[in-house]
Amino acid sequence: MAKRTKDNLSISELLQEFVDTNKLQTGLDKVNVRDAWAQMMGNGVNNYTTAIQLERETLYVQLSSSVLREELSYGKEKIITMLNESLGKDVIKKLVLR
């Protein structure tokens, strides 16, 4: 455990320190990417999304509709930009639609 200091810290600062100390940021990014995908893409795309996985800086999205996969492939760069803006940092560099 960290040594207790007499400084008053906000809860957000304490939580960020806990995440940094325990190296939990990559796991949180994986969860946040799934939430951002669901929020940004809406129900129409989410109904055909079967799996979302973030490995290193690549987001793998498995879709059950080949037509939707083809349509989304035309806007990969825009999707990456939107998701990174939603997350507030550059987590995704590449998008693979399966």
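Visitor: Where is Ser-65 found?

Guide: Ser-65 lies in the loop between S2 and H3. Helices (H or I, at least four residues) and strands (E, at least two) are DSSP runs, numbered from the N terminus. This is a predicted model, in which local features need pLDDT of at least 70 and side-chain atom pairs count only at pLDDT 80 or more, while totals for chains, interfaces and linings use all residues. Residues are numbered from 1 along each chain as its sequence is written, and side-chain values use heavy atoms, with hydrogens and water left out.

Visitor: Does Ser-65 count as buried or exposed?

Guide: Buried means under 20% relative accessible area, exposed over 50%, and partly exposed in between (1.4 Å probe, protein chains only). Ser-65 counts as buried because its relative accessibility is 16%.

Visitor: Which backbone nitrogen lies 3.2 Å from a polar atom of the side chain of Ser-65?

Guide: That nitrogen belongs to Leu-68.

Visitor: Let us turn to the sheet. In what order do its three strands lie?

Guide: Two strands pair if DSSP finds at least two bridges between them. Here the order is S1-S2-S3, in an open sheet with mixed pairing. S1 and S3 are the edge strands, each pairing on one side only. From one strand to the next, the twist averages 15 degrees.

Visitor: How many bridges join S1 to S2?

Guide: There are six, and these two strands run antiparallel; Ile-52, for example, has Val-61 in S2 as its bridge partner. S2 and S3, by contrast, run parallel and are joined by four bridges. Tyr-60 stands opposite Val-96 in S3.

Guide: Two helices pack on this sheet. H2 touches S1 and S2, and its direction makes about 150 degrees with that of S1. H4 touches S2 and S3, and its direction makes about 120 degrees with that of S3. Axes are lines fitted to C-alpha atoms, for helices over the stretch in contact, and angles run from 0 to 180 degrees between N-to-C directions.

Visitor: Along S3, which side chains point to one face and are buried?

Guide: They are Leu-95 and Leu-97.

Visitor: Which residues touch the most other members of the largest nonpolar core?

Guide: A nonpolar core is a set of buried Ala, Val, Leu, Ile, Met, Phe, Trp, Tyr and Cys residues joined through side-chain atoms within 4.5 Å. The largest one here has 19 residues, of which Trp-37, Leu-59, Leu-72 and Ile-92 touch the most other members. At least two residues each come from H2 (25–46), S1 (49–55), S2 (58–63), H3 (66–73), H4 (76–87) and S3 (94–97). H2 gives the largest share, five residues. Contact means heavy atoms within 4.5 Å.

Visitor: With which residue does Asp-29 form a salt bridge?

Guide: A salt bridge is a side-chain nitrogen of Lys or Arg within 4 Å of a carboxyl oxygen of Asp or Glu. Asp-29 forms one with Lys-89, the closest N and O atoms being 3.3 Å apart. The pair links distant parts of the chain, 60 residues apart: Asp-29 is in H2, and Lys-89 is in the loop between H4 and S3. Asp-29 is buried, with a relative accessible area of 13%, whereas Lys-89, at 35%, counts as partly exposed. By this rule the count comes to one salt bridge.

Methods:
A polar contact is a pair of N or O atoms within 3.5 Å; within protein, one must be able to donate a hydrogen and the other to accept it, and residues adjacent in sequence count only if both atoms are side-chain atoms.
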